[in-house]
Amino acid sequence: MSDEKAGVRDVESSHSSRTADEDLAHEGVRTVEATHKVFGKYSKWFLFLSLGLAAYIYSLDGTTTYSYLSFATSSFGGHTLVSTIQTAQSIIIAVGKPVIAKIADVKSRGAAYVLVLLFYVIGYIVIAAAPRVQAIAGGMVIYAMGYTGLQLLTQIIIADITTLKWRGLVSALMSLPFVINAFVGSNISANILAGAGWRWGYGMFAILVPAALLPLIITLLWAQRKAKKQGLIVKTERQGSILQKVVEDAVKLDILGLAILGTSVALILLPLTLAETADKGWKNPSMIAMEVIGILLLPVFLFYSWKFAKYPVVPKRFLQNKTVVLAALIGAFDFVSFYLSFTYLYSFVVIVKPWPLLHANYFIQSQTVTLTVFAIVAGIILRFFRRYKYVLIAGLSIRLLGAGLMIHSRGANASDAEVVWSQLLQGIGGGMAAVTSQVGAQASVKHADTAMVTAVVLLCTEIGGAIGSAIAGSIWSSMMPKQLAEHLPFVDEATRAELFGSLYVVAAQPRGSPIREGVILAYDEVMKWLCIAATIFAIPPLLISLFMPNWYLGDAQNAVEGVDLAGQAVDEATGETKNAPVVNEKA
């Protein structure tokens, strides 16, 4: 099937079942298109710089605050609650994406950023001032909504302000701070913990985040106000009482649909993250009950969305869109594969490799750094070649090669270069795949659907990560005690239980001692099976990518409407906007 023919069906499915009434729920999209008519050269550059600042603070947060939680909970004697808090946080990060996307569509991008900022600041203030561990848990849940919202909104704004040929590159550049903070962040967090303490570690972001986001929020709201003054945004008069208006907003936001979807995803993710520590694990009836109910709620959600929701979170056309479905599957399977080998990778290298902790930290960050760099390389390729499918296939092939190399390079006596290259290859392939699959999904839908499609693809990816972590935990918990018993038959069961439960106990054993060497052999065997499973799950994304449509990445906002960033018809042959108004370039 040719590239052109491959895209036709998606175009038809994108246009099908779309009603004029449904467009009323996308005021945020109409607003952002209107603001493009008032942006000049300088204000547009200021918008990009503001986005870069927001991306940097997001990266700095992600590379520092994760290390504070153990110390924060331990100060109240509640270290055992770390996994529970992280579980709740991961669920909010997943289910919060469709909520933020819907608000950005129904209201405006600026309004969504203000809401995200409030969640961020309130969450960190609650944590920094927490009098007990329960307050830390509550603050983390509030903060998680802000964190996931900032991640999603950055990608949505990039899709709003870039044409398809530039989108991959600009999106990848927003991850560039991770290259810097991968090394800087660990030093900052170490100094904070040694000096001011974990409260200031969290509390300083209640100051830094508003300072970093305000330029972006002000720019978006300024452009929105200017567009209104010029009559580019026409507000329809809303009739009725306050209650009627609240109900109308609830319908547009599809509150019921969001609630069903959120409950479903939460019930699916909870057992996956809790089964490892729950009494009897997966034999616990509550684990099975939650998983079954969560899965059964998915068809209920789809039935409600397609039959009853006036403005559904996930319209039927999303599942009829081949590109969106395949991009979601690629993301899900890729994250299953990634977390299968990565979940216990740090523990593995700390125990098995004779490296200092600093080198172990650098090793763990190597895949993230490589992923960021090669996402930028992929973005440059998309800019000039205007197609993404073969870059996606190449990336997933390299990713599979890196996962397979881990099977051979995991051993204690394996070459250090080989084990490092296994991570570098996965980073190279992962960076290329992440950018191309997201750009492909966004290219296949109208501008009005961009935010929600981005959220849905990222949601499926998060679910894949949770599944990968759960499988890794299950393999580790079931195999490691048996392997320790096999390789340490001279050690009593209580000591083996301590070796299984704590890295500190293992690390206290000198290298070359019978106990340390026996543990290394046990880690080696279990990691082999984790790497084999990771390699197996790296195959489906590659096979799925072969069926991806190969949209042309031109000068339009998407590949199905033929319009520019301001919503006006664009000539793909010349890249010129038809009947474009004159804009003050110094604005």
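## Overall composition

Of the chain's 587 residues, 55% count as buried, that is, under 20% relative accessible area, with exposed set at over 50% and partly exposed in between (1.4 Å probe, protein chains only). The model is predicted, so local features need pLDDT of at least 70 and side-chain atom pairs count only at pLDDT 80 or more, whereas totals for chains, interfaces and linings use all residues. Residues are numbered from 1 along each chain as its sequence is written, and side-chain values use heavy atoms, leaving out hydrogens and water.

The secondary structure comprises 25 helices and two strands; helices (H or I, at least four residues) and strands (E, at least two) are DSSP runs numbered from the N terminus. Among contacts (heavy atoms within 4.5 Å) between residues at least 6 apart in sequence, 80% join residues at least 24 apart.

## Nonpolar cores

A nonpolar core is a set of buried Ala, Val, Leu, Ile, Met, Phe, Trp, Tyr and Cys residues joined through side-chain atoms within 4.5 Å. The largest has 93 residues, of which Tyr113, Tyr120, Leu150 and Tyr202 touch the most other members. Helix 7 (residues 133–161) supplies the largest share of this core, 14 residues. Apart from it lies another core of 36 residues, among them Leu340, Ile351, Ile520 and Tyr523.

## Tyr113 and Thr154

Leaving aside neighbours within four places in sequence, Tyr113 is in contact with Leu51, Leu150, Leu153, Thr154, Ile157, Leu216, Ile217 and Leu220. Thr154 is found in helix 7 and counts as buried because its relative accessibility is 7%. With the neighbours within four places again set aside, Thr154 is in contact with Leu51, Tyr113 and Met174.

## The second largest pocket

The second largest pocket holds about 800 Å³ of space. Of the 29 residues that line this pocket, Leu298, Leu329, Ala332, Cys460 and Ile463 are the closest to its centre. Helix 21 gives the largest share of the lining, nine residues. By class, the lining has 26 nonpolar, two polar and one charged residues. Here Ala, Val, Leu, Ile, Met, Phe, Trp, Tyr, Cys and Pro count as nonpolar, Asp, Glu, Lys and Arg as charged, and the others, Gly among them, as polar.

A pocket is an open set of points on a 1 Å grid over the protein atoms alone where a 1.4 Å probe fits, with protein on both sides within 12 Å along at least five of seven lines; lining residues have an atom within 4 Å of a point. Points are joined across faces, edges and corners, and the volume is the space filled by probe spheres set on them.

## Cysteines

Cys460 is partly exposed, because its relative accessible area is 26%, whereas Cys531 counts as buried at 0% relative accessibility. The structure holds zero disulfides, a disulfide being a pair of cysteine sulfur atoms within 2.5 Å.
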